[in-house]
Amino acid sequence: MRVTTRQASPVLILVMGILTTVLATHAYAQPALKDAYKDYFLVGAALNEAQVSGTDSCEVALIKKQFNTISPENLLKWGLVHPEPNKYDFGPSDRYVEFGRENRMFIVGHNLVWHYETPTWVFQDDKGNPVDRDTLLARMREHILTVVGRYKGKIGGWDVVNEALDEDGTLRKSPWLRIIGEDYLLKAYQFAHEADPQAQLYYNDYLLENPGKREGAIALIKKLQSQGIHIAAIGLQGHYNLNWPTTEDVGKTIQAFSSLGLKVMITELDIDVLPPASHSQAAEIGMNFELQAKLNPYTNGLPDSVQQTLAKRYADLFAVFLKHRDSITRVTFWGVTDANSCLNYWPVKGRTSYPLLFDRHCQPKPAFDAVVQAARHP
Ligand code: GLA
């Protein structure tokens, strides 16, 4: 049967009216994470360029409503901000900082010294040979003073060194270590403090929930403290899955760092529900595995059973964060919706991933309700 425009319009108007009311009521009633956790810790997300430029409107609305702290997913990494020796590109990072200021959010800087996403020119001379210690230290200082200095008083805290440790807790044999020596960390923190004495300085890493790596981090922090460095907080990246780490290990890890006088931040939280691509737990950014159907089982949507398991896992983790709320200053998700999670392209390119609290249409998942619910019974 054909429906004429004349017949359809009153019906359509009625249906649309009902829909609008339902959606508006739902949006109004949707709680905000930042409100649910306002007495406990900040809640944030890592943002990309489309979001800080305001081009992704459903995500921008979500960010403004839900979060009170932001991190730059890639926007402040060395390779993007300082791609060539005498060339800085501050366009995207300026927009990121402006976005945070306009929305009165705590703005995080990520990151200054890392072994990855740092261009090779940083470590080489004109002929491609490794530079000497003094040259690399001078480059590091110039970079840190320029970047931290530009956002002095605006970026509240910096991941000064990211991922300096190997899985066994020893220092990673990065070009920073090879060329400068062990005190590259001390220097990085000194330069950051010189650039903005008010900014909080952080150490950020993954797998710290495993005892071996955790012990290495504790020794590293103690050493820096004995050299007069004030590390305000440690970042547990929080790239978790449904089984690892146990909530007991998360609790132990928070306690261990808090007993050193540090605050603890969960800085890059996501929970991978897809089959592991390798036996290694390492969140090593250089990994890249071939796409296979068995590694990408939920291309048509997440089955309800997995959705519920993810919600329970989030609830359990937030219960631990709440238990240790006096030590925790913030929990930041690595992305806003499942659509822009880096787990869609890392460590396997082209997977359909479901690690966050909002789905691909910006709608809250059961995991969102579970996290909000957890705050009601701290
Ligand atoms: C590390 C880095 C982040 C991001 C992720 C990707 O955790 O700190 O900036 O690149 O890897 O998963």
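The model is predicted, so to speak of local features takes a pLDDT of at least 70 and side-chain atom pairs count only at pLDDT 80 or more, while totals for chains, interfaces and linings use all residues. Residues are numbered from 1 along each chain as its sequence is written, and side-chain values use heavy atoms, with hydrogens and water left out.

Of the 13 residues around the ligand (a heavy atom within 4 Å), Lys77, His110, Asn162, Gln237 and Glu268 come nearest. On its own the ligand exposes 310 Å², and the protein buries 96% of that (Shrake-Rupley areas, 1.4 Å probe).

Elsewhere, a search of the whole structure turns up 1 disulfide, that is, a pair of cysteine sulfur atoms within 2.5 Å. The link runs from Cys58 to Cys362, with S to S at 1.8 Å. It is right-handed, with 80° about the S-S bond.

As for the overall layout, the chain splits into domain 1 (1-30) and domain 2 (33-376), with bounds from an automatic or database domain assignment. The C-alpha centres of domain 1 and domain 2 sit 43 Å apart.
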